[in-house]
Amino acid sequence: MIFDDIYGNSDIKSMLLNIINNGNVPHALLFYGADGIGKRKMAEAFSCSYMNLSEIKDYPDIYKYYLGSNKKSIGVEDIRTIIEETNKKPFLSDKKIIIIDEFHKATESAQNAFLKTLEEPNKNITIILIANNERDILDTIRSRCQVFNFKPLNEIELRLFLKKEIKNVDENKIDVSITLSQGVPKRAKMFLEDDLFIALREYALEILNLKELSFDSSLKFNKILEKYKNSWEDLLIFMLSYIRDILFFKQNLGSEDLINKDKQDKIYDLSLRYETIELFSLIKNINKAIQMLKSNVNNILALEHFIIFSKGGT
C-alpha cells in the first residue's frame with residue numbers, strides 16, 4: 001500500500017484514505033507540523049493514491065512547488081507562477097494536484113494573492129499547502145482549507161522508521177537519537193547520519209567540560225557558538241540531555257536510563273564536578289536561551305548571558 005512507508009500520524013492517513021474512498025476530496029488541504037515530521041511524504045502519498053498510482057513518483061498532473069535554497073520566502077511572483085499552473089488542464093487524467101511546500105514562508109502579500117484561487121478553484125484541482133506551523137498562515141487561508149495537524153511520532157514508530165532507513169546501527173545510538181528527536185523522524189535520522197549533528201553532540205559535552213571559564217576556554221566557547229550559529233537550538237538540546245544524565249548520577253539512579261549511554265564515563269566525571277544547584281540553574285538558563293532562539297533573538301551575546309556557566313542563576 002502506498003502509505004505503508006509513512007510512519008506515525010495514522011489518524012491522518014485514515015482520514016485521507018476515507019476522503020479519497022468517499023469521493024469527498026476538498027479543493028484545499030493544509031498540512032502543518034514540525035519540520036521533518038513527514039508532511040511532504042504524506043502529501044505525495046495522498047496525491048499518488050488519489051491519482052490511482054501504485055507508487056510515489058513524479059507525475060505530470062502532480063505539480064510540486066519547493067522553495068529554492070537561495071530564497072527566503074514565497075513572494076507574489078511565485079504565487080502568480082503557481083496560479084498559472086492551476087489554470088492548466090491535466091495532462092493524463094481528469095484531476096490535478098498542486099503541492100506548495102513551506103507555505104509558512106509565504107509573505108502576507110503572497111498569501112492574499114492566493115486567496116481568490118482558494119475561494120474559486122478550477123474544477124478538479126486540489127491544492128495542498130505544507131507548513132511548519134499554523135500561526136504563520138492567514139486566517140483567511142486556513143478557513144478555506146481542511147486542516148491536518150501532524151503530531152510527533154512515538155518511540156515505537158521512530159524505532160521502526162530508523163531500522164528501515166539505516167542498517168546496522170548500534171541500539172544505544174538509536175536510543176539517543178529517539179530521545180533527542182522530539183518525535184521528528186528527520187531529526188532522529190540526522191542525529192545518526194549527519195556529520196553536523198554528530199559534531200554538535202561532541203561539542204555540547206565539550207562545552208560542559210568548560211565549567212570554569214578561563215580566558216582561553218571562553219574564546220573556545222565563543223568559537224563553537226559562532227561556528228554553529230545556525231544550529232544553536234540543537235546544540236542546547238544536546239546539552240540538556242547531558243545535564244539530565246549528570247543528574248541521574250548525582251541522585252544515584254544508575255546508568256540504565258541514561259540518554260547518552262555511550263558517554264557514561266564522561267558523564268560520571270562531570271557529575272563529580274557539578275553541584276546539583278548549578279545543574280538546575282543551567283537547565284533554567286538553557287531553556288530560556290531556547291525560547292529566545294524560537295523568538296528569533298539570534299544574538300550570541302544573549303546566548304552567552306544565559307548559558308555561560310553562572311552560579312546560582314547570576
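Helices, numbered from the N terminus, are DSSP runs of H or I with at least four residues. The structure described here is a predicted model. Helix H2 spans residues 39-50 and includes Ser-49. The relative accessible area of Ser-49 is 16%. Ser-49 is therefore buried, the cut-off being under 20%. Beyond its neighbours within four places in sequence, Ser-49 contacts Ile-2, Phe-3, Leu-17 and Ile-20.

Cysteines were examined next. Cys-48 has a relative accessible area of 1% and is buried. Cys-145 is buried too, at 12%. A disulfide is a covalent bond between the sulfur atoms of two cysteines. The model has 0 disulfides under the rule applied, which requires a pair of cysteine sulfur atoms within 2.5 Å.

Helix H8 covers residues 185-193. Five of its positions are buried: Pro-185, Arg-187, Ala-188, Phe-191 and Leu-192. These residues lie on the same side of H8, because they cover an arc of only 165° around the axis. Their cover is formed in part by other helices. Among them are H6 (155-165) and H7 (171-180). Helices H9 (195-209) and H11 (232-250) also contribute to it.

Helices H7, H8 and H9 each give two or more residues to the lining. H7 and H9 are also among the helices that cover the buried residues of H8. By class, the lining of the second largest pocket holds 8 nonpolar, 1 polar and 4 charged residues.

Backbone geometry stands out at two loop positions. Asn-52 is not a glycine, yet has a positive phi of about 65°. Asn-52 sits in the loop between H2 and strand S2 (62-65). Its relative accessibility is 69%, so Asn-52 counts as exposed. Gln-182, likewise not a glycine, has a positive phi of about 60°. Gln-182 belongs to the loop between H7 and H8. With a relative accessible area of 47%, Gln-182 is partly exposed.

Technical notes: Residues numbered from 1 in each chain as written. Predicted model: local features only at pLDDT ≥ 70, side-chain atom pairs only at ≥ 80, totals over all residues. Heavy atoms only, no water. Buried < 20%, exposed > 50% of the residue type's maximum accessible area, 1.4 Å probe, protein only. Arc of directions from axis to C-beta. Contact = heavy atoms within 4.5 Å. Nonpolar A, V, L, I, M, F, W, Y, C, P; charged D, E, K, R; others polar.
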